[in-house]
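Keep the viewer open as you read.

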Amino acid sequence: MSILNEISQRLEEGDDAAVPRLVGEALAGGLAAKAVLDDGLIAGMNVVGGRFRDREIFLPDVLLAARAMYAGLDVLKPLLERAGVASRGRVVIGSVHGDLHDIGKNLVGIMLKGAGFEVIDLGHDVPAARFVAVARERDARVIGMSALLTTTMPVMKEVVDLLARENLRGRVRTIVGGAPVSAEYAAEIGADAYGYDCAQAVERVKELAGA
Amino acid sequence: MIHFSPAELEPAPAAVRAALGLKRGVEPSPRSEELLRRALDLFRGLAAPAAVVKPVTAEEFATVFAGRGGNEPRAPLAGIYPRAGRLHLFAFTLGEPLGAEIGRLFAGDFALGAVLDAVASQAAENAARVAERWSESLPVPGAGDGGPWRCFLYSPGYCGWHVSGQEALFAALRPETIGIRLNASFLMTPLKSVSGVLVAGPAAIHRLEASYPFCARCTSPACQERSLAAPPA
Ligand code: B1M
C-alpha cells in the first residue's frame, strides 16, 4: 500500500497518532505537502463523508477522522503556508443572534475544514452586521448561518438583506441550515443554498465557492 | 419537588448511539465506543440536575398557555389540558458545569464534545420521563376514573404551543431559583434544560385524533407516538 493510501486509511479509522507520523514520513520521503494534503488527508476525508452520507458510519466516526485529519494538518500547515498553497476558500460561519445552539454549526465547521476550507467561526449569538463585517474584512466567499429556533431564523434574512444593501451579494454567497430551516425557507429569504446536514453543507459550499 | 439523581437520568448507550445516527444493526467502532464510555463518565461527574414544579389549575394554565398569543390556531394542547385531572408547571436543568465542559471540549476534543452533548441531550429528555412518572405516582383524586392516569410533558416550542410561551411559563414558575435564565429568543441557559406543563389524567385525553398542519414540519414526532399508545377517547 502506498504511503498516501495508508494515510487515507488511518484517517478513516480515526487514528490520530498514526496520521501525523505517516504525514511526516511521506514528507521525509520527498512527497510534496500539497500531494499529501490532497491525495492523503482530503482523499480520506472524502471517503469518510461518503460513508457518513450513506449511513455506513455514524457521527463519532466522522469526528474521530476529522481529529486525525487535523493532527495531520498540523504537520503540513507550515509547509503549505511556505509553499503559498491557498485553501479552497474562506468561509465565515456562526449561529445567528439569539441562538445558543452551536453543535450543528460546529459540525459543519469541522467538516468544512476537513474538506480544505479556511473556516472563521464566529461562535453563537452572532448579529447580522458581524457576519457581514467579518466576511468583508477577511474577504470570505461564503457566509454559513445556523439556527435551531424559529424565533432566530429571521436573522438569516437580515444577513442576506444586508449583503444586498452593501452590494456584496454576488461576491459573498450564503448558506443556511439547522433543524427548523428548509430549502423553501432558504429560497424565500434569498439565501444561495441550504444544507440539510453537515455533509450536504460541504457539498453546497464547494459549489458556492466554485471549489 | 421532584428528586433527580444523575443515575436515573443517565441515558442507555443504545439511545445515545441512535441519537448520534448509528443505524440499527451496524456495529459501532471500538474508538467510538471508547468515546461513549468517556462521555458517560464525564456526565456522571458533572451533571447537577435540579427541577422546579408548581401545581396550577386549568384556569391558571389558560393564561400561561395563551402567552403572547403566538400559538397555532388549532393547538392540540388547547383541547387536552382542560380535560386533565392535574397540571404542574415544570422546568429542569442539568446545570452549568456540564454545558461548560461541552463548550470547552468543542474547542479541543470535539469528538468527545459531540458525544457528551448527545449524552446530555438524552439525559434532559429522560428528565421529562422521570417527571411524568413522578406525576403518575401521585394519588388519583376520586380514584380510578377512566383507569390509571397517564402524564405527558407538553413544552413551549412543540405541538403548536409557540416557543414565546416560555415567557409566561417563566413568569408563573420562576425557574431562575434553580439557575435557569431565559434570553430574548426564549432560549434557556444552561442549554441542557427543558420546560413545560405536566398534564396528568385518563390516558385517552392525550390521544390526538386530527393531524395538524405543523406536524408536517415537525422533526420530533414524540407526541404522535405517545398518542398512538393512548387508547381512543
Ligand atoms: C451553514 O449551513 C448549515 C448547514 C447545515 C446545518 C447548519 C448550518 N446548522 C445545522 N445544520 C445541520 O447539520 C447538523 C448536523 O448534520 C444539524 O445540526 P443540528 O443542530 O440540527 O443537529 C445537532 C447536531 C443535533 N440536534 C440537536 O441537538 C437538536 C435536536 C432536537 C431534538 C432537540 C434537542 C436534542 C433538545 N432540545 Co430542543 N431539540 C430540538 C431538536 C429537534 C431536531 N430534530 O433537530 C429543537 C431545536 N428544540 C426545540 C425546543 C422548542 C426546545 N428544546 C429544548 C430542549 C432540548 C433538550 C435539552 C432536550 C435537547 C438538547 C438541545 C441542545 N441542542 O443542546 C428546549 C429549549 C432548550 C433551551 N436551552 O432553551 C425547548 C424550548 C423545549 C422546552 N420548552 O423545554 C424546538 C425548537 C422549535 C422552535 N419553534 O423554535 C426543536 C426544533 C424541536 C421541535 N419542536 O421540533 C443540521 O441541522
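Where is the place of A:T152? A:T152 sits in the loop between β3 and α7 (154-165) of chain A; helices (H or I, at least four residues) and strands (E, at least two) here are DSSP runs, numbered from the N terminus. Before going further, some housekeeping: this is a predicted model, where local features need pLDDT of at least 70 and side-chain atom pairs count only at pLDDT 80 or more, while totals for chains, interfaces and linings use all residues. Residues are numbered from 1 along each chain as its sequence is written, chains are lettered from A and ligands numbered from 1 in the order in which they are written, and side-chain values use heavy atoms, with hydrogens and water left out.

Back to A:T152. With 1% relative accessibility, A:T152 counts as buried (under 20% relative accessible area; exposed is over 50% and partly exposed in between, with a 1.4 Å probe and protein chains only). Its side chain makes a polar contact with the side chain of A:D99, at 2.7 Å. A polar contact is a pair of N or O atoms within 3.5 Å; within protein, one must be able to donate a hydrogen and the other to accept it, and residues adjacent in sequence count only if both atoms are side-chain atoms. Not counting residues up to four places away in sequence, A:T152 also touches A:V96, A:H97, A:G98, A:A147 and, from the other chain, B:S185, among others. Contact here means heavy atoms within 4.5 Å.

Now for the ligand. Residues from chains A and B surround the ligand, so the site is shared between chains. Of the 39 residues around it, A:S146, A:T150, B:M188, B:K192 and B:S195 come nearest, where a residue is near if one of its heavy atoms lies within 4 Å. A nitrogen atom of the ligand is 2.7 Å from an N or O atom in the side chain of A:S146. Backbone atoms take part as well: a backbone N or O atom of A:C198 lies 3.0 Å from an oxygen atom of the ligand, and a polar backbone atom of B:G157 is 3.1 Å from a nitrogen atom of the ligand. The elements giving two or more residues to the shell are α5 (103-114), β3 (142-146), β4 (173-177) and α9 (198-209) of chain A, together with α7 and β6 (193-202) of chain B. The largest share, 4 residues, comes from α5(A). By class, the shell has 20 nonpolar, 16 polar and 3 charged residues (Ala, Val, Leu, Ile, Met, Phe, Trp, Tyr, Cys and Pro count as nonpolar, Asp, Glu, Lys and Arg as charged, and the others, Gly among them, as polar).

Zooming out, chain A is divided into domain 1 (3-83) and domain 2 (90-209), with bounds from an automatic or database domain assignment. The centres of these two domains, taken over C-alpha atoms, are 26 Å apart, and 10 residues of domain 1 are in contact with 11 residues of domain 2. Just after α2(A), A:G30 takes a positive phi of about 100°.

What about the packing? The largest nonpolar core has 93 residues, and those with the most contacts inside it are A:L41, B:F4, B:F90 and B:L94. Such a core is a set of buried Ala, Val, Leu, Ile, Met, Phe, Trp, Tyr and Cys residues joined through side-chain atoms within 4.5 Å. Helix α7 (residues 110-137) of chain B gives this core its largest share, 16 residues. Each of domain 1 and domain 2 of chain A supplies at least three residues to this core.

A cis peptide bond joins B:T189 and B:P190, with omega about -5°, and B:P190 is in the loop between β5 (188-189) and β6. B:C159 has a positive phi of about 50° although it is not a glycine.
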